Amino acid sequence: DFGDVITTAAYMDVSAIVKKAMPSVVAITNKQVYQSNSWFFGPTQYEGQSSGSGIIIGQNDTELLVVTNNHVVEDSTELKVTFIDNNTVDAAIKGTDSESDLAVIAIQKKDIPESTLAEISIAAIGDSDTLEAGQGVVAIGNALGYGQSTTVGYISALNREVQTKDSSSGQVITRNMIQVDAAINP
């Protein structure tokens, strides 16, 4: 009987998952200098701000390490990380890989208040090789820079081939992605 399975899936409560994962999710803000070239005004520069999400993935003796997307931190002049308790601290880029759109940023532990250290945690990372189409997905992030939010959905497909163009080189990059139907900001 599929009735019970469908009813259970439609009313799945993910609050326990969110409660466990949220302390490892951070909001990232990035100040950048943009250049534009207008036919009327000529070349101009202006400062803008972008935002994104990150996940606390580790630490060493002096730093807390956060993984994010490269496009979130690319060309930054100033990076800030906001934790679950709304404390904000400075961060620095540790390493980037534009081809896979990944970056690691570091926050000095000495800059993080003790009260914040007590609230945050390092994420438990799973194994994407064990995923199956139809499994549930919970996405937690800093949607459109408005703070932490949660959305749910399902894995629609595995190894979906997607082609993108690198913004700096113009080179076409082919990636195999996990397709989900959860509402996630591009």
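Helices (H or I, at least four residues) and strands (E, at least two) are DSSP runs, numbered from the N terminus. The model is predicted, and for that reason local features need pLDDT of at least 70 and side-chain atom pairs count only at pLDDT 80 or more, while totals for chains, interfaces and linings use all residues. Residues are numbered from 1 along each chain as its sequence is written, and side-chain values use heavy atoms, with hydrogens and water left out.

**View A. Ala133 in the loop between helix 4 (114-119) and strand 7 (136-142).** With a relative accessible area of 52%, Ala133 is exposed, where exposed means over 50%, buried under 20% and partly exposed in between (1.4 Å probe, protein chains only). Not counting residues up to four places away in sequence, Ala133 touches Ile155, Ser156 and Leu158, a contact being heavy atoms within 4.5 Å. Ala133 and Ile178, although 45 residues apart in sequence, are 9.2 Å apart in space, C-alpha to C-alpha.

**View B. Asn30 in strand 1 (residues 25-38).** Asn30 is buried, its relative accessible area being 0%. Its side chain reaches the backbone oxygen of Val72 at 2.7 Å, a polar contact being a pair of N or O atoms within 3.5 Å, of which, within protein, one must be able to donate a hydrogen and the other to accept it, and for which residues adjacent in sequence count only if both atoms are side-chain atoms. Beyond four places in sequence, the residues that Asn30 touches include Gly48, Gln49, Ser50, Val73 and Leu79.

**View C. Thr68 in strand 3 (residues 63-68).** Thr68 is buried, with a relative accessible area of 4%, and a polar atom of its side chain lies 2.7 Å from the backbone oxygen of Ser53. Among the residues touched by Thr68, leaving aside those up to four places away in sequence, are Ile28, Ser53, Gly54, Val73 and Asp101.

**View D. The largest nonpolar core, of 17 residues.** A nonpolar core is a set of buried Ala, Val, Leu, Ile, Met, Phe, Trp, Tyr and Cys residues joined through side-chain atoms within 4.5 Å. Ile28, Val81, Phe83, Ile105 and Ile107 have the most contacts inside this core. At least two of its residues are supplied by each of strand 1, strand 3, helix 3 (70-73), strand 4 (76-82), strand 5 (88-97) and strand 6 (102-108), and the largest share, three residues, comes from strand 6. Apart from this core lies another, of five residues, among them Val14, Val18, Met22 and Val25.
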